[in-house]
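The following note sets out numbered points on the model shown below. Please read each point against the coordinates.

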Amino acid sequence: MWPLCAALPARLRALARSRGARACSGDGHGYTQGQSPEPRTREYFYYLDHQGQLFLDDSKRKNFITCFKDLRFLVSFFSRLRPNRSGRYEASFPFLSLCGRERNFLRCEDRPVVFTHLLEEGRGPSRLSYCGGGEALTVPFEPSRLLPLAANGRLYHPAPARAGGVGLVRSALAFELSACFETSPGASALPSHVLWGGRRLALTMDLAPLLAAAPLP
């Protein structure tokens, strides 16, 4: 795996360090991008939106132009992502990606894993790719475990356990998958089955307890 510190382009690191102090919302703590609370330690702060785009947290404009796109950086960042139990910024930035003595804090609009593409290779098993990592960041696609949530109209799928076990499906991909859903007659508006690979699969809804245990932001 590439070192995260090396993967982040030098010009972006310089930009982060030059931004000056910006207070983050949440638990009231402020921060400075690139701050050094201890010798030889640097801290950076990021934000992940519901489309799976990663930004410096204090970026004023968050769009496709300003999000991170470097594959090496994204793979390194998300493969190291864990719950933030560092004792610093835990309420505002609940996830942390470490690279040596560099701490990269993450807050997210919904979930720290956002599935963006369905990868289908011939007759092999399908996989879901997340957070811009292409084939390097994937999980097996489990259609029966898709969870449509009435509360926000979004769709969820199992994610790596280290990232909470539940990931959000990007809206464009969720729209494509919705064509495979089936609702039982007389049932609620939520689908009960999914048609996939020539089979009719009952939705297990087993992700619901995980979402309840980790409430939406």
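1. Terms and basis. A residue is called buried at under 20% relative accessible area, exposed at over 50%, and partly exposed in between, with a 1.4 Å probe and protein chains only. Helices (H or I, at least four residues) and strands (E, at least two) are DSSP runs, numbered from the N terminus. The model is predicted: local features need pLDDT of at least 70, side-chain atom pairs count only at pLDDT 80 or more, and totals for chains, interfaces and linings use all residues. Residues are numbered from 1 along each chain as its sequence is written, and side-chain values use heavy atoms, with hydrogens and water left out.

2. Helix H4. In helix H4, which spans residues 171-178, the buried residues are Leu-173, Ala-174 and Leu-177. Viewed down the axis of H4, these residues fall within an arc of 100 degrees, so they line one face of the helix; the arc is that of the directions from the helix axis to the C-beta atoms. In general, an α-helix has 3.6 residues a turn, so residues three or four places apart point the same way. Phe-175 and Glu-176, on the other side of H4, are exposed.

3. Cover of H4. Which elements cover the buried residues of H4? Contact is taken as heavy atoms within 4.5 Å. The cover includes strands E8 (114-119), E9 (127-130), E12 (154-158), E13 (166-169), E14 (181-182) and E15 (193-196).

4. Salt bridge Glu-38 to Arg-103. A salt bridge requires a side-chain nitrogen of Lys or Arg within 4 Å of a carboxyl oxygen of Asp or Glu, and by this rule there are eleven. One of them joins Glu-38 to Arg-103, with the closest N and O atoms 3.0 Å apart. This pair links distant parts of the chain, 65 residues apart: Glu-38 is in the loop between strand E2 (30-32) and strand E3 (42-48), and Arg-103 is in strand E7 (residues 102-108). Glu-38 is partly exposed at a relative accessible area of 32%, whereas Arg-103 is buried at 15%. Both residues also belong to a network of salt bridges that links Glu-38, Glu-43, Arg-88, Arg-101 and Arg-103.

5. Salt bridge Asp-57 to Arg-107. The closest N and O atoms of the salt bridge between Asp-57 and Arg-107 are 2.5 Å apart. Asp-57 lies in the loop between strand E4 (54-56) and helix H3 (71-79), while Arg-107 is in strand E7, so the pair ties together parts that are 50 residues apart in sequence. Asp-57 is buried, at 7% relative accessibility; Arg-107 is partly exposed, at 25%.

6. Salt bridge Glu-109 to Arg-154. Here the closest N and O atoms of Glu-109 and Arg-154 are 3.6 Å apart. Glu-109 is in the loop between E7 and E8 and Arg-154 is in strand E12, a link between distant parts of the chain, 45 residues apart. Glu-109 is partly exposed at 30% relative accessibility, and Arg-154 is partly exposed at 25%.

7. Aromatic pairs. Rings of Phe, Tyr and Trp (its six-membered ring) pair if their centres lie within 6.5 Å; planes under 30 degrees apart count as stacked, over 60 as edge-to-face and the rest as tilted. The structure holds 15 such pairs. For Phe-45 and Tyr-89, the ring centres are 4.9 Å apart and the planes are at 80 degrees, so the pair is edge-to-face. Phe-45 is in strand E3 and Tyr-89 in the loop between strand E5 (81-83) and strand E6 (95-99), 44 residues apart. Tyr-89 and Phe-105 have their ring centres 5.3 Å apart and their planes at 65 degrees, so this pair is edge-to-face. Phe-105 lies in strand E7, so the pair ties together parts that are 16 residues apart in sequence. Tyr-89 is buried at a relative accessible area of 8%, and Phe-105 is buried at 0%. Ring pairs join Tyr-31, Phe-45, Tyr-89, Phe-93 and Phe-105 into a cluster.

8. Two strands are taken as paired if DSSP finds at least two bridges between them. An open sheet of three strands has the order E14-E15-E16, with antiparallel pairing. E14 and strand E16 (199-202) stand at the edges, each with a single partner strand, so one side of each is left without a neighbour in the sheet. E15 and E16 run antiparallel and are joined by four bridges; His-193 has Ala-202 in E16 as its bridge partner.
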